[in-house]
Amino acid sequence: MKLFKRLRLRTMLAGLLVVAAVSSVAIFTSNSKIDASSVRNCDSNAVLYCGALSVNELINKYDNNGDAQHKYSDIHALYNSFGISSNGIHSLSSKVAIGQVHSDGTVWLNGQQIGQNAMTAGRINFPGSTPIPGTNAFMRSPIVSFKSNSINAYIGFENGVPAWAVLDSCGNPVKFARPSTSFSKLVQDPASGKYVKDANISNGGTAKYLLAVNNTGQAPDFNVNVRDYLPSGQTYVAGSTKVNDVPIYDGVTRGGIIIGRMNAGEVKWVTFTAKVNLPTNKCGDTTLINMAQLGSMLSTPKSDIAKTHTNIVCIAKCSALTVPSLDVEVNQPLTFTASVIAKNVSVSSYTFKINGIPVQTGTKNTYVFKTTVAGPNTISVSAKFSNGVVDGDNGNCVKKINVTPMPPIISCDSLTASKDLALTNEEITFTALGSAKNATITAYEFFVNGVSVQKTASNT
């Protein structure tokens with residue numbers, strides 16, 4: 001009999017178990033026939049006269065309400081009362097699992113118990129039986145009617161896990177108590193110490209996760225396993241995984257861990273920690289979603305999440321624009337220096353503006369101002385930060401300056417005469433040489449013995 005395992009377990013040389021996948025286990029045979037040890041039950045207790053020793057025979061008898069000689073009117077209603085639908089019966093044609101129902105009420109598959117407290121049906125009202133409404137059959141425990149310790153049965157599946165059975169020798173349906181293993185994913189709130197679905201964790205801090213696994217069914221579950229998927233921004237802390245406060249091998253985030261058998265009503269607690277390591281420039285509130293999965297042999301796979309919030313405070317602010325003086329003369333340089341306050345971010349560039357018009361953009365935080373035009377000017381700067389924030393052009397990062405003309409400098413550099421001596425009525429020509437800076441000479445005024453004698457543009 002070939003075995004197909006949806007969950008494969010490997011034993012490592014170091015003696016540690018690793019979960020290859022989180023899912024349930026189903027074991028099937030490629031042969032649609034029951035083995036030769038089965039014996040047909042051709043008495044009046046059989047729900048289907050002489051049973052069905054192959055899947056095709058079972059499907060045909062189900063569809064036709066029996067065989068050609070032994071017809072029944074209640075086959076579908078009877079099977080439905082055991083949770084067995086037409087789709088369930090026909091699904092056996094694609095995958096056949098052969099198990100055993102024992103007289104003690106346990107149900108087995110491939111040597112593993114998959115259910116207990118089984119109830120079956122038959123046509124004869126043995127003591128301890130209960131009539132099944134709408135049918136000519138009676139429900140009872142296998143101990144009431146089984147003549148052998150076990151009978152082979154087709155095992156039916158729902159959502160990948162064993163859910164019902166049909167005895168091969170008589171076609172009698174079987175239902176049984178099943179496990180129902182579920183779990184809840186939580187994270188510890190550092191402030192209160194309580195486990196919640198959503199917690200605030202500081203960057204560089206640790207998030208402690210809890211997987212509360214609970215079998216709320218009526219039968220044990222096997223090969224129960226959990227796997228966690230850490231989000232980007234969190235790193236598993238080696239050696240932190242515990243089951244019921246007992247350390248277990250690291251693997252919950254690397255393929256999963258086996259926590260084994262869980263009896264009905266049993267609870268197991270899986271805890272582990274992860275360090276939050278977001279980039280320091282990831283400013284603001286970041287939500288990290290952590291998902292975990294639960295699998296087992298006999299329960300439907302499940303998943304759950306817990307969230308953490310990490311708020312990274314970034315400060316990106318142009319704090320000052322300084323200058324030695326707010327007054328400057330034309331053509332005189334004046335250096336402006338920008339200052340910023342930055343936390344968890346860096347400055348990408350500075351943009352200086354004169355009267356709102358950009359004049360310099362780059363990584364330099366200084367700007368040299370110089371103009372040939374007198375008058376008021378507004379100098380401003382803005383800083384662009386690595387997180388995309390642009391701040392400035394207002395408040396402390398704006399300066400108003402006044403540009404004044406340079407004062408005129410006028411000088412009479414020399415006065416020369418055409419001769420040093422002269423007779424009465426003889427002319428002497430005097431020539432003045434003047435210079436002017438930041439001004440223009442418009443006239444020369446000559447004095448004789450302190451009395452103004454000429455004021456013209458002429459310098460002679």
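## Helix α1 and the overall build

Helix α1 is followed by N65, whose phi is positive, near 55 degrees. The model behind this report is predicted.

Which residues of α1 are buried? Helix α1 spans residues 55-63, and its buried residues are V55, L58, I59, K61 and Y62. They cover an arc of only 165 degrees around the axis, which puts them on the same side of α1.

Now the whole protein. It has four helices and 35 strands. Its radius of gyration is 48 Å, while the globule rule gives 23 Å for 460 residues, so the protein is more spread out than a compact globule. The C-alpha atoms fill a box of roughly 175 × 45 × 40 Å along the principal axes.

How much of the protein is buried? Buried residues account for 41% of the 460. Take the contacts between residues at least 6 apart in sequence: 63% of them join residues at least 24 apart.

The surface comes next. The accessible area is about 23300 Å², and carbon and sulfur atoms hold 51% of that. As for charge, the protein carries 39 positive and 27 negative side chains. The centres of these two sets lie 10 Å apart.

Methods
Residues numbered from 1 in each chain as written. Predicted model: local features only at pLDDT ≥ 70, side-chain atom pairs only at ≥ 80, totals over all residues. Heavy atoms only, no water. Helix = DSSP H or I, 4+ residues; strand = E, 2+ residues; numbered from the N terminus. Rg over C-alpha atoms; globule rule 2.2 N^0.38 Å. Buried < 20%, exposed > 50% of the residue type's maximum accessible area, 1.4 Å probe, protein only. Contact = heavy atoms within 4.5 Å. Areas by Shrake-Rupley, 256 points an atom, 1.4 Å probe, with all protein chains shown as cover. Lys, Arg positive; Asp, Glu negative; His and termini not counted. Charge placed at Lys NZ, Arg CZ, Asp CG, Glu CD. Arc of directions from axis to C-beta.
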